[in-house]
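Morning, everyone. Please have the sequence and the 3D view ready. I'll keep this short.

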Amino acid sequence: MTRMNDAESSGQGLLLYISRQASSIKKYIIEQLIFAVFGWIPTVIGIGLRSVVYRLVLRMQGIAAVENGVRIRFADNITLGRNVYIDQGVYLHGCPAGIQIGENTFVMHGAVLHVYNFRSLPHAFIRIGANSLIGELNVLRGQGGITIGDRVYTAPMVQMLAVNHVFDDPTRPMVEQGITAEGIVVEDDVWIGAGAIITDGVRICKGAVVAAGAVVTQDVPPFTVVGGTPARVLRTIDGGQSTGAVKKVHY
């Protein structure tokens with residue numbers, strides 16, 4: 001009986017694992033086979049092969065360049081626009097409603113884009129517009145939905161975390177109190193400096209600049225520079241000459 005229970009438990013664990021990697025067992029097998037055969041091939045040869053073969057499992061709107069060593073899960077929920085570039089070491093995990101990356105957008109080395117929707121949240125997604133760049137080692141967690149506009153540049157190690165834990169009841173373990181997931185919106189023409197953290201529920205408006213290391217907990221007005229912990233407005237971008245100190249704060 002113990003051996004049977006152990007076997008049942010192992011089987012359930014395996015099914016749970018697969019359910020968090022692909023839309024079905026069949027798709028898991030197909031996707032992993034394709035990634036195992038073609039995912040490791042380096043140089044332009046590998047990029048060329050993947051631009052053709054990955055169409056079998058990804059939604060690709062034109063030619064997209066996917067480097068070797070890219071980890072992809074729930075591939076059928078991932079859409080890559082024309083001329084998208086995915087660098088080595090990127091991790092794309094597209095639980096429904098998936099990941100969309102607009103044309104001419106780059107996702108650089110080591111970035112993690114994870115919708116992480118294991119609670120069946122209806123608004124969990126990551127959507128990135130055109131001509132944007134997601135910098136090295138960025139982490140985007142899209143439980144509440146992350147919407148990034150066109151021409152948005154993020155420096156290395158930026159984090160956008162569209163989720164927060166509820167912890168107000170001291171009599172209950174925090175993991176039993178649930179989460180909030182309001183979402184993050186970054187409008188067009190925004191620059192986010194290295195190491196900045198964008199918390200859940202924040203909107204960064206058009207033309208804003210977020211300084212390196214800032215922790216953004218409130219909405220950012222359009223055409224402003226914000227910095228600090230928590231972030232505050234440092235100046236307005238109005239076409240005038242800024243001081244040297246403010247120039248340096250957002251690099």
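First, the ground rules. This is a predicted model, with local features needing pLDDT of at least 70 and side-chain atom pairs counting only at pLDDT 80 or more, while totals for chains, interfaces and linings use all residues. Residues are numbered from 1 along each chain as its sequence is written, and side-chain values use heavy atoms, with hydrogens and water left out.

Start with helix α2, residues 25–38. Helices here are DSSP runs of H or I, at least four residues, and strands are runs of E, at least two, numbered from the N terminus. The expected span of a helix is 1.5 Å times one less than its number of residues. For the 14 residues of α2, that should give 20 Å, and the end C-alpha atoms are 20 Å apart, which agrees.

Now, which residues of α2 are buried? They are Y28, E31, I34 and F35. Buried means under 20% relative accessible area, exposed means over 50%, and partly exposed is in between, with a 1.4 Å probe and protein chains only. Seen down the axis of α2, the buried residues fall within an arc of 140°, so they line one face. That arc is taken from the directions from the helix axis to the C-beta atoms. On the other side of α2, K26, I29, L33 and A36 are exposed.

L15 sits in helix α1, residues 2–19.

Next, the sheet. It is open, has seven strands in the order β1-β4-β7-β10-β13-β18-β21, and pairs in parallel. β1 (59–60) and β21 (203–204) are the edges; each has a single partner strand, so one side of each has no neighbour in the sheet. Two strands pair if DSSP finds at least two bridges between them. β1 and β4 (residues 78–80) pair over two bridges. R59 has T79 in β4 as its bridge partner.

Last, the backbone. Where is P230? In the loop between β24 (224–227) and β25 (232–236). A cis peptide bond joins T229 and P230, with omega about -5°.

T43 has a positive phi, near 65°, and is not glycine. T43 belongs to helix α3, residues 43–53. M157 also has phi near 65°. M157 lies in the loop between β14 (153–154) and β15 (159–161). M157 is partly exposed, at 47% relative accessible area.
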